[in-house]
Amino acid sequence: MFSALGSALHARRRVSLLLAVLAAVLAALFGGTVDKKLTNGLSDYDDPGGPNVAARKVIEQATGIDAQQGYALLVRTDAPIDPEAKTPPASVAAAVKLLRDRPEVRQVVDYASASNPALVSKDSRSTVVIGAVAPMKESATVDAEKELQQAIKDDPALRGNAWIGGPTPGHVQVADVSNKDLAKAEGLALPLILILLFVVFRGVVAALVPIIGAMVSLLLTLAGLRVATLFMNVSTGALNLAFALGLGLSVDFGLLIVSRYREELAVHGPGVEAVRRTVATAGRTVLFSALTVAAALAALMVFPHPYLRSMGLAGVITVVAAALFALLGLPALLAVLGRRINSLAPRRWQRDISADEAAGNRWHRIASGVMRRPGIVAVVAAAIMLLIAAPVLGIRFTGADSATLPTETSAGRVAAELERDFKDPATSPLQIVLDTDDSTGLAAYADKVAKVPGVEAVAEPVRLDARHWEVDAVLTGAPLGTEAQDAAADVRDIAAPHPARYTGLTGDFLAQKESIGDRLPQAAGLLTVITLLLLFAFSGSVILPFKALLMNTLSTAAALGFLVWVFQDGNLGFAAQSGIETTTPVLVFALAFGLSTDYNVFLLGRIKEAKAAGLGEREAVSEGLARTGPIVTSAAVLFCLALGALGLSRLVFIKELGLGTAFAVLIDATIVRALLVPSLMAMLGRTNWWAPAPLRRLHTALRLDRMEPPAAAPDASSGGMVPAAADARAKPEVPAATP
């Protein structure tokens with residue numbers, strides 16, 4: 001199949017390229033507006049079927065207020081505020097009027113109207129005015145935030161003395177900061193990536209290949225996400241992932257195919273045979289690599305949360321788009337370029353591959369040295385990874401809210417000052433919705449809630465409608481802090497007199513955490529089964545897939561341990577956080593697991609080719625590592641730059657995603673690929689390739705075991721051809737670039 005595809009692409013190379021260009025143009029026209037269709041609200045982190053969502057719907061139907069939205073207008077006064085005074089200062093009165101005049105605001109609460117001194121700061125120089133709002137569409141929240149900012153600037157009483165925050169402006173600003181940081185990170189990382197691409201691909205023309213691939217795959221991804229917005233909510237976080245993953249995979253797949261094409265070009269010259277053999281070998285590897293990465297990211301779609309589903313969908317679409325270009329567009333491009341793939345490179349790079357040969361020899365020596373004492377190396381490597389992973393045992397979780405914003409944003413400043421200068425201002429209490437038509441037992445229940453450690457105050461029970469009552473509890477500290485989480489969990493453990501559901505920022509977070517935990521076994525099971533099947537289809541072994549699962553688990557555990565040590569414990573110059581954002585470990589695990597399998601497929605493909613050429617078990621492993629070591633290392637470094645650029649974001653949860661995944665890729669390309677793989681391959685020997693007879697017959701019947709014969713190299717002594725792997729260390733001929 002792959003040989004036929006390669007021949008067909010060479011025969012119709014210009015038509016194939018024209019179709020690729022047409023597809024990219026159409027995708028750009030259709031997907032260019034996708035950013036206006038994305039969502040970025042707290043509801044993206046909800047399980048739509050969760051009890052907290054049902055509680056919010058009850059409150060909304062009864063009061064017209066969206067409990068997940070709202071404004072918090074922080075006002076700084078010139079003179080100390082007297083909480084007992086009946087007339088508030090002019091700036092506070094202006095803030096109250098500003099919110100009351102808003103069409104979406106349903107209720108305004110300030111310290112005077114609520115007789116609540118907790119809404120005044122501890123130094124009596126600031127106060128917060130809270131505005132409860134009706135349900136708003138995404139576009140309406142963006143417009144409202146801009147209008148409020150402008151209104152504050154236009155009012156002399158508020159200008160320089162008031163800042164708008166709260167859930168609604170907070171999530172608008174999260175999206176804005178995320179997009180600006182992504183653009184800045186790309187701008188800073190791209191020049192360095194371009195330089196490294198030139199060095200790794202050894203020429204300007206070759207270095208442009210992954211850039212073209214990234215552009216095409218990104219345009220296709222945007223079009224795919226635009227289609228998805230017609231059927232579901234797609235979170236803005238999907239774009240961050242698509243940009244980083246699209247560039248990384250384009251480099252991975254491009255480097256693998258271009259490197260193989262250069263090998264075939266050296267032996268067969270430009271023409272159909274070089275393209276055919278490239279697609280038959282590297283193309284097959286790319287397909288299975290893409291399927292394994294896509295499977296890992298597809299597991300995210302098991303979760304009902306729109307944010308995780310969006311990230312999973314964006315990942316799958318990006319992988320498919322990158323693979324389509326690598327399998328269909330890139331071979332056609334190489335067929336057109338021929339020897340010109342080596343153009344615009346230093347003359348030495350055009351004629352001499354001593355650097356490549358030296359790199360291959362180094363990896364060959366590493367593999368041979370490791371396999372001399374495989375048991376010791378395996379134990380030491382595993383111990384290092386377990387040591388790195390150890391901090392994950394103390395992992396804590398938190399959510400994403402306005403507190404994650406930098407203080408130069410208004411919502412970030414409001415969140416920081418509320419936590420620092422106020423004593424529990426009750427901007428987001430734990431809201432308890434009880435299903436009952438009378439108030440029997442509610443007063444006693446409220447008294448029990450008030451006695452829970454971490455509960456500062458409890459409001460009187462309020463009737464919502466004929467069948468529901470509400471009890472609000474003010475919790476200690478920030479809504480997503482450890483104290484508030486513990487207090488909310490203890491409140492939920494109290495036996496309520498009637499069926500109860502919990503919402504509010506803290507209640508929603510606990511529900512989100514539980515929902516993710518409930519779906520983890522299903523996602524892990526799906527990921528395991530699909531990965532095992534794909535690796536069996538690729539290798540024909542049942543041992544290698546299970547070994548890959550073990551190594552992937554070690555590398556992802558090490559990545560999570562690194563995250564805890566850096567962000568939760570506050571190392572490497574990062575401020576200590578109350579916990580890791582809840583969705584980050586899930587995303588890092590899926591990305592790291594898929595990319596680890598991706599590199600494993602690269603290596604196993606060359607080991608199988610070496611075995612098919614007649615090399616022994618250990619020699620085949622050394623040859624496979626020598627052939628793929630430089631490629632995987634280069635790809636990993638470039639991938640780390642693409643993903644690590646997310647670490648420049650001012651949002652902690654984006655830093656966590658970028659640096660966590662980059663670390664996983666780095667550790668997999670070094671410790672796992674250089675030490676664990678060869679040592680375990682040497683220890684198991686022929687057992688690596690074992691499969692029960694029925695599965696072997698099935699693998700053969702499905703023609704999954706068909707491998708393209710290894711490339712032949714000139715035999716200087718006889719004028720004939722010999723398998724390249726049989727003389728693995730021979731220096732192949734690389735033709736000069738065509739002027």
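This is a predicted model: local features need pLDDT of at least 70, side-chain atom pairs count only at pLDDT 80 or more; totals for chains, interfaces and linings use all residues.

Visitor: OK. How do the residues lining the second largest pocket divide up by that scheme?

Guide: The lining has 13 nonpolar, 17 polar and 16 charged residues.

Visitor: And what volume does the second largest pocket have?

Guide: About 1200 Å³. There are 46 lining residues, and the closest to the centre of the pocket are Thr-39, Asn-40, Gly-41, Glu-138 and Thr-141.

Visitor: Which elements give two or more residues to that lining?

Guide: Those are α3 (51-63), α6 (138-154) and α7 (167-201). The largest share comes from α7, with 10 residues.

Visitor: Switching topic: how many residues are in the largest nonpolar core?

Guide: It has 135 residues, and the ones with the most contacts inside that core are Phe-253, Ile-341 and Leu-676. Helix α22 (residues 652-684) gives the most to it, with 18 residues.

Visitor: What is Leu-676 in contact with, leaving aside neighbours within four places in sequence?

Guide: Leu-676 touches Ala-378, Ala-381, Ala-382, Met-385, Met-551, Leu-554 and Ile-671. Apart from that core lies another one, of 32 residues, with Ala-72, Val-105, Leu-119 and Val-128 among them.

Visitor: Now the rings. How many aromatic pairs does the count come to?

Guide: Six. Take Tyr-45 and Tyr-307: their ring centres are 4.8 Å apart and the planes sit at 25°.

Visitor: Why does the pair of Tyr-45 and Tyr-307 count as stacked?

Guide: Because planes under 30 degrees apart count as stacked, and the planes of Tyr-45 and Tyr-307 are at 25°.

Visitor: Where in the chain are Tyr-45 and Tyr-307?

Guide: In distant parts, 262 residues apart: Tyr-45 is in the loop between α2 (13-31) and α3, while Tyr-307 is in helix α11 (residues 306-337).

Visitor: Is Tyr-45 buried or exposed?

Guide: Buried, with a relative accessible area of 10%. Tyr-307 is buried too, at 5%.

Visitor: What about Phe-567 and Phe-574, how are their rings arranged?

Guide: That pair is tilted, with 4.9 Å centre to centre and 50° between the planes. Phe-567 counts as buried at 1% relative accessibility, whereas Phe-574, at 25%, counts as partly exposed.

Key. Residues are numbered from 1 along each chain as its sequence is written. Side-chain values use heavy atoms; hydrogens and water are left out. On a 1 Å grid over the protein atoms alone, a cavity is a set of points where a 1.4 Å probe fits but cannot get out, and a pocket is an open set with protein on both sides within 12 Å along at least five of seven lines; lining residues have an atom within 4 Å of a point. Grid points are joined across faces, edges and corners, and a volume is the space filled by probe spheres set on the points. Helices (H or I, at least four residues) and strands (E, at least two) are DSSP runs, numbered from the N terminus. Ala, Val, Leu, Ile, Met, Phe, Trp, Tyr, Cys and Pro count as nonpolar, Asp, Glu, Lys and Arg as charged, and the others, Gly among them, as polar. A nonpolar core is a set of buried Ala, Val, Leu, Ile, Met, Phe, Trp, Tyr and Cys residues joined through side-chain atoms within 4.5 Å. Buried means under 20% relative accessible area, exposed over 50%, partly exposed in between (1.4 Å probe, protein chains only). Contact means heavy atoms within 4.5 Å. Rings of Phe, Tyr and Trp (its six-membered ring) pair if their centres lie within 6.5 Å; planes under 30 degrees apart count as stacked, over 60 as edge-to-face and the rest as tilted.
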